[in-house]
Amino acid sequence: MPVTSPAAPPSAAVPPAPHRSDALPQDFGALLGQDPEIAGILLAERDRQAGTLQLIAAENFTSPAVLAALGSPLANKYAEGYPGARHHGGCEQADAAERIAVRRATTLFGAEHANVQPHSGSSAVLAAYAALLRPGDTVLAMGLPYGGHLTHGAPGNFSGRWFDFVGYGVDPDTGLIDYPRLRALARARRPKAIVCGSISYPRHPDHALFREIADEVGAYLIVDAAHPMGLIAGGAAPNPVPYADVVCATTHKVLRGPRGGMILCGADLAERIDRAVFPFTQGGAQMHTVAAKAVAFGEAATPAYTLYVHQVVAHARVLAAGLQAEGFEVTTGGTDTHIVVADPAPLGVDGRTARERLAAAGMVLDTCALPYGGARGIRLGTAAVTTQGMDDRDMARIAALFGAAVREPGDVGPIAAEVRALAERNPPYPG
Ligand SMILES: Cc1ncc(COP(=O)(O)O)c(C=O)c1O
């Protein structure tokens, strides 16, 4: 059974303050003068983000402080190695930034060790495998048709080529992880590692049960918490750190930091993980991104962020209920997280057609595999719209607009106009 949220949500009545645009660092004016071609693209993208609804579950609006760190002089710095042991000179400030990022990450998640250098979520998973596995080892992970990520054994990914992946799945009736089958597969295949994590599973995994099964067969437990890491930081999802050998994550998504990755582990694996990141899988760390990760970890430790992540989940639940009322079939019957997965088949279309119709109305989201039958559904998330300061009523309205856009594609004009008005009432960077 899914584990429920560990912390009681704070009152959903007070929306968290949206970002302030007066702190935005981008000097598009200067860029326009020098390179109007690229500046034009950036301005068009800014307008696209502000004029449509960003419902891609992996996206969010980072704060102006995070953007400032990304656009800082640390972007110029080379810093191979780790603080106090670099291959380059002049790393005093880079060292200081990385030490702060590591300290904030370990404190935020209660981990003994953090590596904040992975360039992305995939780089973090690659390094975790490099630290714990040898090519050819068997790994048990959620099968791709059920929501496993590319790095969990996709044939076109390094993981599928270098390791022997076995996929576990979900119960076709409930959509919940089929733990008895997972245990049976573990006993039969004796994997070297079990991966817990998904791109579209909207419920909390049972970390204690994953640990029990891993221990039973002598496997490492790797939790790929790329999606829920922000919820974990704010206490809106259970923390895998006490159960996992290694936790991999992205620092974007709900966590609302820069595009990047991170790894948490115990002191016993710290050196292996660090060596697997550098020099095994990466060269110099991107120090501007490391500084931006530190900023994001600092923000995630605030009461405002705790309120934010609980609202993200509350909003996803409102959206899921609204989509059900519109006739969509919501997998697992709802959500514990920022993710909602819905099958539009009862409205007479598949996920791809639904996504196209929703995009035409200004609602941007992904298709994803549905955990039964091979059809595609839609996956949406509430991290970005919640950052914009939208509330429960906005979520209910978005669900109604979904129904209208998917059912009545010929009459998209008024729907698109309402979507634009809703987005413009809640700018990601007001001012
Ligand atoms: C579960 C999971 N693992 C890994 C990743 C990879 O992250 P990135 O796109 O930063 O490589 C993702 C990204 O969506 C993910 O959802």
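Helix α12 (residues 303–325) and helix α15 (residues 392–407) cross at roughly 30°, and their axes come within 8 Å. The crossing of α12 past α15 is right-handed. This is a predicted model. Its protein chain is divided into domain 1 (70–300) and domain 2 (303–431). The second largest pocket lies between the two domains, because both give residues to its lining.

**Helix α12 with helix α15**

- From α12, the contact uses His315, Val318, Leu319, Gly322 and Leu323.
- From α15, the partners are Asp392, Met395, Ala396, Ile398, Ala399 and Phe402.
- By class, this contact has 8 nonpolar, 2 polar and 1 charged residues.

**Helix α4 with helix α11**

- Helix α4 (residues 92–109) packs with helix α11 (residues 287–300) at an angle of about 35°.
- The axes of these two helices are 8 Å apart.
- The crossing of α4 and α11 is left-handed.
- α4 brings Ala94, Ala97, Glu98, Ile100, Ala101, Arg104, Ala105 and Leu108 to the contact.
- α11 meets them with Met287, Val290, Ala291, Ala294, Val295, Phe297, Gly298 and Ala300.
- The residues of the α4 and α11 contact divide into 13 nonpolar, 1 polar and 2 charged.

**The two domains**

- The centres of domain 1 and domain 2, taken over C-alpha atoms, are separated by 28 Å.
- Domain 1 puts 26 residues into the contact, and domain 2 puts in 24 residues.

**The second largest pocket**

- This pocket has a volume of about 500 Å³.
- Its lining is made of 28 residues.
- Nearest its centre lie His149, Ile199, His227, Lys253 and Arg379.
- Helix α5 (121–132) gives two or more residues to the lining, as do strands β14 (366–369) and β15 (376–381).
- The lining of the second largest pocket divides into 8 nonpolar, 15 polar and 5 charged residues.
- Domain 1 (70–300) and domain 2 (303–431) both contribute to this lining, so the pocket lies between them.

**The largest cavity**

- The structure holds 2 cavities of 30 Å³ or more.
- The largest cavity has about 240 Å³ of space.
- Its lining counts 24 residues, and the closest to its centre are Gly197, Ser198, Arg203, Pro205 and Pro228.
- α8 (207–217) and β8 (220–224) each supply at least two residues of this lining.
- By class, the lining of the largest cavity has 15 nonpolar, 7 polar and 2 charged residues.
- At least three residues of that lining come from each of domain 1 (70–300) and domain 2 (303–431).

**The second largest cavity**

- About 80 Å³ of space lies in the second largest cavity.
- Its lining includes Tyr146, Val170, Gly175, Ser200, Tyr201 and Pro202.
- Thr331, Thr332, Val341, Ala369 and Pro371 also line this cavity.
- The lining of the second largest cavity divides into 7 nonpolar, 4 polar and no charged residues.
- Each of domain 1 (70–300) and domain 2 (303–431) gives at least three residues to the lining of the second largest cavity.

Key:
Residues numbered from 1 in each chain as written. Predicted model: local features only at pLDDT ≥ 70, side-chain atom pairs only at ≥ 80, totals over all residues. Heavy atoms only, no water. Axes fitted to C-alpha atoms, helices over the stretch in contact; angles between N-to-C directions. Helix = DSSP H or I, 4+ residues; strand = E, 2+ residues; numbered from the N terminus. Left-handed = near helix turned anticlockwise from the far one by under 90°. Contact = heavy atoms within 4.5 Å. Nonpolar A, V, L, I, M, F, W, Y, C, P; charged D, E, K, R; others polar. 1 Å grid on protein atoms, 1.4 Å probe; cavity = no way out; pocket = protein on both sides within 12 Å on 5 of 7 lines; lining within 4 Å. Points joined across faces, edges and corners; volume = space filled by probe spheres on them. Domains from an automatic or database assignment.
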